[in-house]
Amino acid sequence: MAVTAKSLEACLIEEGSISDAILERARERQREGKRLGDVLREMGAIDSQTYARALASHYGLPFLEKLPDNDPTASECVDLLPINFAKRCQVLPIGRDDDAITVATSNPAALGPLDDLRVLLHKPIRVVVAPGDVIVDRINRVYDMASGSASDLIEGLQEERLDMIATELVEPRDLIDADDEAPIIRLVNSLLFQAVKDRASDIHIEPYERDLAVRFRIDGVLYDIINPPKRFQPVIISRIKIMAELNIAEKRLPQDGRIRIKLAGKDVDIRVSTVPTVHGERVVMRLLDRSSTILQLDELGLIGGKLASVDQLIRQSHGIILVTGPTGSGKTTTLYAALSRINTTDKNIITIEDPIEYQLHGVGQIQVNPKIDLSFASGLRSVLRQDPDIIMVGEIRDSETAKISIQAALTGHLVFSTLHTNDSCAAITRLLDMGIEPFLVSSSLIAVMAQRLVRKVCPNCREQYRPPMEELRQLGVTLDMLEENPVFRAGAGCEACKLTGYRGRSGIHELLIIDDEVRNLIMRSADSAEIRRAAAAKGMTTLREDGADKILRGTTTIDEVLRVTQDDLGV
């Protein structure tokens, strides 16, 4: 490597607009063995990309802002290059030709790792410079893709070692770094790898009389993954219970625990639930990717006038806004999107959740803890003494929580919460059934939004088609709607969508705005059907009608909308 005439300091000044004064302060803070760039990054003077670009300029080497996707060279070198070495030294092969292998590094001055690579790969290397975080992210992805699937590992299980394996307690910081040879440990780790890779929200381990089934819930639907031999059931479940810090000796009572791990660089929180069944303990693990970004309202499937109405409602100064739907319908995600939209420095926002699924910067988040009697109701009472502007209650489960939420709304707070009801109008009757006086409901409630999640047509294999008119009539689609020549799409099935024809999910929504007419109906304790008729007369679209709109736009299919709206009474 031929060093250019420019010093590193001159390159940093040129690339990062750093003054001599900042460089001087960085030199004063620089300790022995620490790079100048690391000190500057700690001071916030430069980012990793600026420093990598300056290093490339200083050493006269090519600079890559991004590394190539799906590079076969990196995948081929996985077996030769230990991941611990690659991540510690921040080096990764990214290309090859007849003469040499191209290697990306964040520190071209570290000649030792580059010499080691030359020996490991048995070929000359050509060095390029890339930001360290970019290299580490690509290392995680490459080694994640190279991880063996759970089904491949079943064959490696050794029965005579299972009791010893199941009591192994040490966990690596990142499971991709795991070099455990114990087959059960590798099997459980591989299940977690595959679940994250397949975008699964839940892992089900279900014991039966003669076999054991492992299923993943992907986009709301359960799929069979593997069937380990029945004899491995006790140690697989014991391994999971140890990771979740549960009592492995207690098999008669349900238990709940949590696993905090890293998978391919992602911080994943796993909620573990075990229940005893006649054929052994059944385990369900809910995966929450804590590093995932919070969706915005316009990414949830809200469009047009409905999006504008929601945006206006969440900016009210006081009142209750409810989101309803069954478990797994995305209610909490919608509330997070709403809070993210209105989260500004002049507002004090506090949430009470079970569990805390996303981290919201600038928002005080409280975790419900039944062991110390910290419930939604008791937490809500304490929150009201924290001078909040906006409160989010994870779920209204009882009359006490409902009453406190309504009192908070009546005393000048904006309250967001969820209810488990099939549609928006049923939320009103649910509150009345909880013993809330009709005049309190009518004066505090400002809107209820029911929602479901439908699978979206896979963008990689979608094809146009024309569905039979009989199917369209089930959704209330008329010939007038078809005059606009909508594009109907369905997925043929490909590797990206696991041959299902679907990838990802979108919401369909039913928004009930509490106006004067609805308030009068609430005061008369009208049933949900009467409220629905009044709201529909003013233009409220039902879940199924919103689903039909998504079909006409080519977002989803008829089968999907019918599947999630079979209880919709508005048809």
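Predicted model: local features only at pLDDT ≥ 70, side-chain atom pairs only at ≥ 80, totals over all residues.
Of the 571 residues in the protein chain, 50% count as buried. As for secondary structure, the chain comes to 24 helices and 18 strands. Contacts tell a bit about how the chain folds back on itself: with a separation of 6 or more, 65% of them link residues 24 or more positions apart.

Seven strands make up an open sheet with mixed pairing, and going across, the order reads 12-11-13-14-10-15-18. Strand 12 (364-367) and strand 18 (502-513) sit at the edges with a single partner strand each, so one side of each has no neighbour in the sheet. On average, and ignoring direction, neighbouring strands of this sheet are turned by 20° against each other.

Within this sheet, strand 10 (residues 319-324) and strand 15 (residues 445-457) run parallel and are joined by five bridges. Here L322 stands opposite V448 in strand 15.

Then there are the helices that go with the sheet. Helix 16 (residues 399-410) packs on it, touching strand 10, strand 13 (390-393) and strand 14 (414-419). The direction of helix 16 makes about 135° with that of strand 10. Helix 17 (residues 424-433), for its part, lies across strand 10, strand 14, strand 15 and strand 18. Against strand 18, helix 17 runs at about 60°.

Terms used
Residues numbered from 1 in each chain as written. Heavy atoms only, no water. Helix = DSSP H or I, 4+ residues; strand = E, 2+ residues; numbered from the N terminus. Buried < 20%, exposed > 50% of the residue type's maximum accessible area, 1.4 Å probe, protein only. Contact = heavy atoms within 4.5 Å. Pairing = 2+ DSSP bridges. Axes fitted to C-alpha atoms, helices over the stretch in contact; angles between N-to-C directions.
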